Amino acid sequence: MGKNKGQSQSLARNWYAITMTICTGFFLLMHLTFVGFTNDDVYFRDLAAMWESVPALIVDRYLTDSSRVISETILFILVQCPFLVWQLLDTLICILLCHSACVLLVNDKSKKENLLVLALFAIYPYMHVGSAGWICTSLNYMWPMATLTYALSGVMRRMRGEHVAVWQYVLYGIALIFTANCEMSATVLVFAGAYLLVRYFVIRKEQGAKKTASGIPSNCGLEMATLLIGLAGLTFAMTAPGNGERTAMEALNWMPEFPDLNMFQKFRLCAVFVFEHFVMIPDVPFFLFSLLLLFTGWKGKKTRIVSCIPITIDVVFTAYYFVKDFLLGHKKNYDFTTPAIYLTEPYDAVIQITELVAFGIYIAATLYLLWQLSLSLWERVGMIWALGTGFAVRMALMLSPTMFSSWHRTLIFMYFAFLGDSYLLIGLCEHKKQKHLIYATLAAGVAVNLILTVGLQIRKAG
């Protein structure tokens, strides 16, 4: 009996350990293909060389350009180091994100689902993290994504009734502060904190003041900290003089038409841009999510017809752009075009209105299907809340002249909402043929990620 128990405990360590080992190898090898300082990283390296100290530079940046004082302090230190330093640190960030996601979604070292978490992470198009330069983009998007996930894993551990040590609370606090230093991730913190607090107080009210077997903690300190630190980060960003200066500069350089656009035009352009990102070029995470809505919705009579809508919209529009751009237009590069700002041409008006309607239908169908899932109330609300948060944060860029020039790195929170929801949807798929198609899609997604990310670096190196 003791021997069997020991073997069981050994197995309990294996799948998590295997996942972390593969994660380390996958992201380390991928990072080692990156060619080094590019784009904005070169500008920041040259800028750092012009100043005698990083603190003085950060103060100037705060007054004239950016409120991201924490991430930029790290940035100006890293651009003066060998590129290998960032490669190793960013690999550790990927390991932290994968670990935290495993704690959030699996929380069992003996389950093979840990590998599923890694597979979902590995289909995220990592080339987006280098869109403005590997170091500066990762510090503003991937690192806050990792620290956010790490802090939320602490909240989940508390909810499960697990012991959380004082030193872990310190690390969670540091993670929250770093996350809040970037405007977009600070906004995500506010949404996450609001959800967590509502969930906490509703469950406490339902179960009474005493701690129950569900593990609801006796206080909401970490949940409250998530909201308050997020609000503090947003306040710091909105009051920073540099952010106002940068907005004026960006309007001049990136989108001169921005001051003349009304709110509806800004909403239209931003929504069309987001939709076209997922359908203009085949997008594996978006396709997988749409496919999973079909699989899970097909089981119910009330949801069968609706479940066909998301995947149909994805396939139809992707096929249209594939024929238009690649077959007829002989397009050779993996790139996106931005929507027409003014609808002076009939084609532009028709395509944008059609896409807005299709996007609205996709959203409505998704919300309906997620609400009908055979999951707990808080799981369903959490899935919808995550998608809504990612979408709202990206759509907030309609208030900025960089709604196009910030490119697709700003969709990172939508992507990880899709990936997190996909994990829960995969757990509801029971048929072997469905599983096989899911695994094939994941394998294709990993291959596409490697080809696009590594292939881009090989072309740059050549």
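Let me start with a crossing: helix 12 and helix 17 cross in a right-handed way, where right-handed says that the near helix is turned clockwise from the far one by less than a right angle, and left-handed that it is turned anticlockwise. This is a predicted model, in which local features need pLDDT of at least 70 and side-chain atom pairs count only at pLDDT 80 or more, while totals for chains, interfaces and linings use all residues. Residues are numbered from 1 along each chain as its sequence is written, and side-chain values use heavy atoms, with hydrogens and water left out.

The contact, meaning heavy atoms within 4.5 Å, is made by Val274, His277 and Phe278 of helix 12 together with Met414, Tyr415 and Phe418 of helix 17.

A search of the whole structure finds one cavity of 30 Å³ or more, a cavity being a set of points on a 1 Å grid where a 1.4 Å probe fits but cannot get out. The largest cavity holds about 90 Å³ of space, and its lining, that is, residues with an atom within 4 Å of a point, includes Ile123, Tyr334 and Asp283. Helix 18 (432–461) and helix 13 (284–297) each supply at least two lining residues, and helix 18 gives the largest share, four residues.

Definitions and conventions: On a 1 Å grid over the protein atoms alone, a cavity is a set of points where a 1.4 Å probe fits but cannot get out, and a pocket is an open set with protein on both sides within 12 Å along at least five of seven lines; lining residues have an atom within 4 Å of a point. Grid points are joined across faces, edges and corners, and a volume is the space filled by probe spheres set on the points.
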